[in-house]
Amino acid sequence: MGKITSVLFGLILLLLPMSAGCWDVKDISNQAFVTCIGLDAVSDPDLPGFMDAAEYKLTFEIINPAKLADNSGGPATIIETVEAPSIGKAVEILQSRISRQITLSHLRVLLVGDKLARQKDFTDPADYFEKNAEVALRMRLMFVQGHEARDVLNIKPKQGKSLSDELVALTQIERNTSLAQTNPFNSFMQDLRTTGGRALGSRVLVHENRKILIRSGSAVFNNRKLAGWLDCTETEDANWITRETPAVLQGHLDGLFFTFRADRVKTDIIPEIREGKPFFKIKIKVEGNILEEQGRQIDLSNPENMDKITNTISGVVRKSAAMAISKSQKEFGIDYLGLGQAFNNRYPEAYKNMDWKKVYPDIPVEINVKCTFSKSGLAR
Amino acid sequence: MSVSGNKSGDNLDPRVVTVGLILGIVEFELFTIAKGITPIARQDAWISVILGSVIISASAYLLIRLGARFPGETPFQYGEKIWGRPMAFFWGLMYLVYWSGFLALISQEASMANRVFFLKSTPPVIPILILAIAAAWLASYGLTSLIRFFQLNLAFLLLPMLLVFVMAVRNMDLHNFQPVLSNGLMPVIRGTVYFMGTLQGLEIILFLVPLLRSAEAAVKPALAGVYVITGLTLMQILTAVGIMGKENVQASIWPEIVAISLIELPGFPVERFELFLTLPWLIAVFTTICLYTYFLVSGIMGILGIKKRGAVSYFAAAVIVLGVYIFPNYPTAIQVRRYFSWASIFFLYVLPITTLTIAVLRKKRGGMNG
Amino acid sequence: MKAGLMVIKFLKKTRFVKKTEKEPKTNPDTPSGQQTSCISGDFPAVSMVDTAPRDSHQILKGSKKRFHEKLEYNLSLLAERIPNPRLICENFTIGSLAPKKVAAVYLKDRAHPGITAEIRKRLTAIRAETVLDSSYIERNIENSSWSPFPQVETAEKPDIAESALLQGRVVIITDGSPQVLLAPVTFFDLMDTRDDTYMRWFVAANFFRLARYIMFIFAVSLPAFYVALTSYNPELIPTRLLYLILASRENAPFPVYFEAFFLMGIVEAVRMMMVRMPSQVGTTIALMSGVTLVIAGLWSGIMGAPVVIIVTLTMISSFGIPSYDLRLAVRVLQFFTMIMASFFGIFGFAAAFFYIAIHLVTLKSFGVPYMTPLAPTDTGSMGHTVFRENTPVMSKDKTYKPQKQ
């Protein structure tokens with residue numbers, strides 16, 4: 001009998017919490033999944049009915065399951081724009097327009113408009129996303145050049161059911177090109193934190209007629225605010241130093257015009273102190289093969305010719321990297337290439353004692369490039 | 001009803017010490033240790049951990065020596081012989097306070113993590129009640145069953161963590177560990193002490209040794225256990241600091257989990273790698289809760305001389321549930337946790353080793369000196 | 001027939017050691033522990049009904065012989081397989097109104113004396129009017145009849161019983177039941193099949209065994225996991241999969257957990273229907289009704305496609321478990337994990353896992369921990385139980401070995 005009573009007791013104990021109902025059950029079909037948020041500055045700052053003036057204009061892309069099910073194509077999303085003093089408030093306002101429980105658990109892309117990025121310290125709007133436990137911190141962060149984030153969200157996706165899908169797919173392909181800068185939300189925030197406000201972000205372009213989306217180039221941040229843009233060539237230059245990504249480059253050699261694809265790039269930044277002043281050596285190792293030859297063919301099995309070609313390629317890479325450094329030092333005066341960080345890792349004491357912003361533009365940099373072929377470059 | 005079968009009773013294989021140590025010590029703190037240790041030792045946290053493992057394995061050896069001097073006796077029994085009755089009673093009470101405090105702390109942390117990740121609006125007491133009843137149930141079966149439960153769960157704890165680490169390796173940046181030893185040796189040593197303090201649960205050796213077939217053979221398994229824990233801690237610190245950098249580790253509450261959530265593997269069908277970690281951390285927290293429930297239960301029975309195991313078990317369960325409400329907020333709990341790490345140094349290392357020294361000096365031994 | 005006679009003659013020569021044991025107390029109502037000869041002289045005749053095939057399992061390899069309903073015949077089957085004087089048989093008569101013969105057979109020096117003594121004690125303690133089937137013996141000698149897990153294995157094939165005897169386990173034969181009981185048992189014995197042992201290549205055997213463990217975990221947890229993810233933590237579902245689930249559930253009127261419970265119930269109903277129906281039409285009708293329900297449900301949008309996939313996968317997985325009794329246990333545990341997951345999400349799922357694990361580690365079958373040799377871990381014995389090692393002879397494990405103390 002003791003056994004029966006104990007089992008009954010256990011059952012009652014188990015059922016006790018259940019009688020009160022399940023607090024957290026939120027059925028998947030009763031939720032509205034936000035997949036993309038566009039952050040913009042408010043064009044008209046006064047919003048009636050609020051104590052504080054509206055600071056942000058948020059555009060949400062929400063999955064619409066009804067359209068997901070039908071196979072006729074076309075976007076399966078709802079686009080809503082909300083203006084509010086804060087992001088938390090904006091989500092609350094959005095809830096009053098959407099009949100399902102809003103969740104940010106599948107937020108994949110955060111778009112930031114040009115104006116907001118220039119005006120606001122980026123850590124302010126980012127804080128909401130860092131604090132929210134639902135948000136996956138590896139979501140993509142992109143900055144829209146010259147337009148509002150809302151303009152991007154209003155573009156019809158070429159493929160797929162939503163624009164966020166397309167943007168995510170684009171960033172995944174980017175691993176193999178060096179035309180664009182990929183910096184997800186969390187690592188962007190980390191860069192801002194470790195460097196004190198300097199970072200490179202990804203850039204999105206909207207074509208003039210607002211129909212076509214281009215992902216290339218990068219956004220330069222200084223003091224946690226947008227300072228300028230790099231176009232795709234400049235990004236390619238910068239990528240020799242910041243990201244070890246495959247790249248396609250071209251060179252001329254006595255009437256031969258060839259294309260070389262660098263499959264493997266390895267960059268070493270070596271800081272030194274020479275006569276009390278910082279000095280950088282940058283070693284780039286490039287490994288790849290010839291994609292095409294135009295103008296005339298050259299015997300690639302000849303070691304002499306190979307030497308000539310590797311020298312040409314090294315020259316092209318060196319020039320490109322030097323361009324990136326001069327752009328960063330002379331034009332922007334912002335160390336977005338991460339040289340300061342490398343210096344800090346090596347000489348923390350010296351770094352503390354100098355004003356990096358002032359020193360940086362005049363630091364001499366020496367670039368060495370070593371090029372090797374992974375394949376012969378012959379046909380097949 | 002049961003037969004005195006071959007594997008039951010006080011005849012455990014010495015190799016169980018490894019499993020006991022791993023699952024007894026590893027708990028949610030494994031996912032927060034980077035946050036605690038990086039402000040002290042900065043990017044050299046990994047050196048602290050390696051240094052700490054040497055000291056911990058030495059003290060694990062000493063704990064086994066202490067247990068081996070008194071074969072077949074529980075710590076409470078030989079404690080009385082060494083310290084004398086009143087002193088042993090006092091230390092026993094201190095241990096009880098320490099264990100209940102720690103039990104309350106981990107239950108609070110488990111509840112907190114549960115509220116953030118799983119059940120946001122469920123009253124926190126109910127999930128903890130479910131865990132507490134299970135823990136009291138298991139603890140009432142004794143250490144043998146507890147160890148068996150650990151053995152059953154070992155693979156579920158280790159495999160996902162290894163898997164996640166392997167996936168994380170690609171995303172690590174070794175530059176985050178530079179410069180090595182930039183601030184001298186002192187921060188590293190302070191970090192070592194901190195790491196030693198986080199290994200609450202080392203006492204399990206004292207409780208296990210009397211049940212073993214041979215105490216001498218337990219040395220190697222104990223060292224293996226310590227090294228596995230060190231390895232896991234190292235993995236966590238490498239992942240957190242390697243992926244995020246030391247500044248960002250300090251900015252997040254659960255750095256390891258955040259670090260894992262940053263991993264991206266294109267082509268792999270899972271997007272959120274935290275899923276792999278939920279199982280290990282639930283197991284780790286639950287096994288530690290079970291172990292401390294057992295300590296508390298056997299402590300109350302051994303020190304206060306109460307014989308009703310069931311009643312004591314439910315008292316321990318009540319401590320777990322109360323733990324959810326004791327602390328006004330999470331920062332307080334973290335603060336208390338820091339103090340507990342320092343207290344642990346005393347309870348885990350200083351007191352047992354002093355006991356051993358006294359036992360050696362006064363030539364106390366089990367059996368003949370009675 | 002001549003071959004049969006030869007066997008009988010051979011059997012007559014083999015000696016059984018009669019164990020004479022003094023009953024401490026003899027109850028006049030139930031004369032148990034009676035010592036009779038194991039072989040009554042003639043090799044018992046077996047009726048046609050006995051030889052008709054029963055297909056609880058398909059036989060791929062190995063002997064097609066099986067136990068029949070006569071105790072004497074079953075005993076002689078064992079004697080034929082192990083013609084050794086160390087094979088001991090103890091006889092009991094259980095039942096006050098309609099007594100049935102029950103025999104406990106074991107190998108001397110192989111079986112743990114504590115275990116045989118315990119089995120003897122439990123058998124003599126049975127007070128019943130009659131024994132309808134061996135399952136009545138089973139429920140009387142189990143450690144815990146509340147546990148969902150069987151603590152005694154049933155076997156139909158003499159070679160399985162032989163292997164059990166060689167491992168040091170006890171075979172309990174009941175007159176009138178074609179199933180013999182093997183005790184004690186561990187979880188891994190229940191997950192073991194004859195085909196694994198008879199398979200030529202040990203790598204394949206291990207592969208299928210591993211697959212069976214995974215299927216066991218699937219069978220217990222898949223619906224619960226689905227409910228936990230979709231109702232509590234949708235952020236853990238990959239986004240593209242989420243789109244598919246969302247699209248399929250667009251018009252679904254019921255919450256996910258309700259759908260899952262509903263469909264699991266249908267599966268159970270179809271299964272019961274298949275058992276009850278005569279075999280010629282049964283399969284077809286069951287199949288038709290099941291398929292019709294699912295198609296109608298999907299087409300009308302009452303249920304989503306993912307839940308159908310999950311439930312079907314669970315059902316398939318549950319058939320990976322070779323033991324019928326264990327399969328029954330798993331079917332009920334499915335609902336337990338599902339209830340916990342419906343109320344507490346992933347946390348409830350984990351809690352259910354802990355409760356089952358605690359029960360498994362504290363459960364014992366005649367003194368042997370149920371999860372031996374995994375918990376308590378004994379890597380030396382895993383070759384025969386958890387895995388199938390590559391050995392030229394039948395591998396033995398120490399799980400049931402008597403300990404020298």
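**Sheet in chain A.** I started with the open sheet of chain A in this predicted model. Four strands make it up, in the order β10-β11-β12-β13, and the pairing is mixed. I took helices (H or I, at least four residues) and strands (E, at least two) as DSSP runs, numbered from the N terminus, and counted two strands as paired if DSSP finds at least two bridges between them. Which strands stand at the edges? They are β10 (247-253) and β13 (365-373) of chain A; each has a single partner strand, so one side of each has no neighbour in the sheet. Direction ignored, neighbouring strands here are turned by 40 degrees against each other on average. The axes are lines fitted to C-alpha atoms, for helices over the stretch in contact, and angles run from 0 to 180 degrees between N-to-C directions.

**β10 and β11.** I looked up how β10(A) is joined to β11 (residues 256-274) of chain A: seven bridges, with the two running antiparallel. His252(A) has Phe257(A) in β11(A) as its bridge partner.

**Helices on the sheet.** Helix α9 (residues 232-242) of chain A lies across β10, β11 and β12 (277-294) of that chain, at about 50 degrees to β11(A). Helix α11 (residues 339-346) of chain A packs on the sheet too, touching β11, β12 and β13 of chain A, and its direction makes about 40 degrees with that of β11(A). Contact means heavy atoms within 4.5 Å.

**Aromatic pairs.** How many turn up over all chains? The search of the whole structure gives 49. Rings of Phe, Tyr and Trp (its six-membered ring) pair if their centres lie within 6.5 Å; planes under 30 degrees apart are stacked, over 60 edge-to-face, the rest tilted. Phe343(A) and Tyr347(A) have ring centres 5.3 Å apart and planes at 50 degrees, so I logged the pair as tilted. Phe343(A) is buried at 0% relative accessible area, while Tyr347(A) is partly exposed at 22%. (Buried is under 20%, exposed over 50%, partly exposed in between; 1.4 Å probe, protein chains only.) In chain B, the rings of Phe346(B) and Phe347(B) have centres 5.3 Å apart and planes at 80 degrees, so that pair is edge-to-face. Phe346(B) is partly exposed at 31% and Phe347(B) buried at 7%.

**Charges over rings.** The cut-off is NZ of Lys or CZ of Arg within 6 Å of the ring centre and within 35 degrees of the ring normal. Arg139(C) has its charged end over the ring of Tyr136(C), 4.4 Å from the centre. Arg331(C) lies over the face of Phe319(C), 5.5 Å from the ring centre.

**Bookkeeping.** Residues are numbered from 1 along each chain as its sequence is written, chains are lettered from A and ligands numbered from 1 in the order written. Local features need pLDDT of at least 70, side-chain atom pairs count only at pLDDT 80 or more, totals for chains, interfaces and linings use all residues, and side-chain values use heavy atoms, with hydrogens and water left out.
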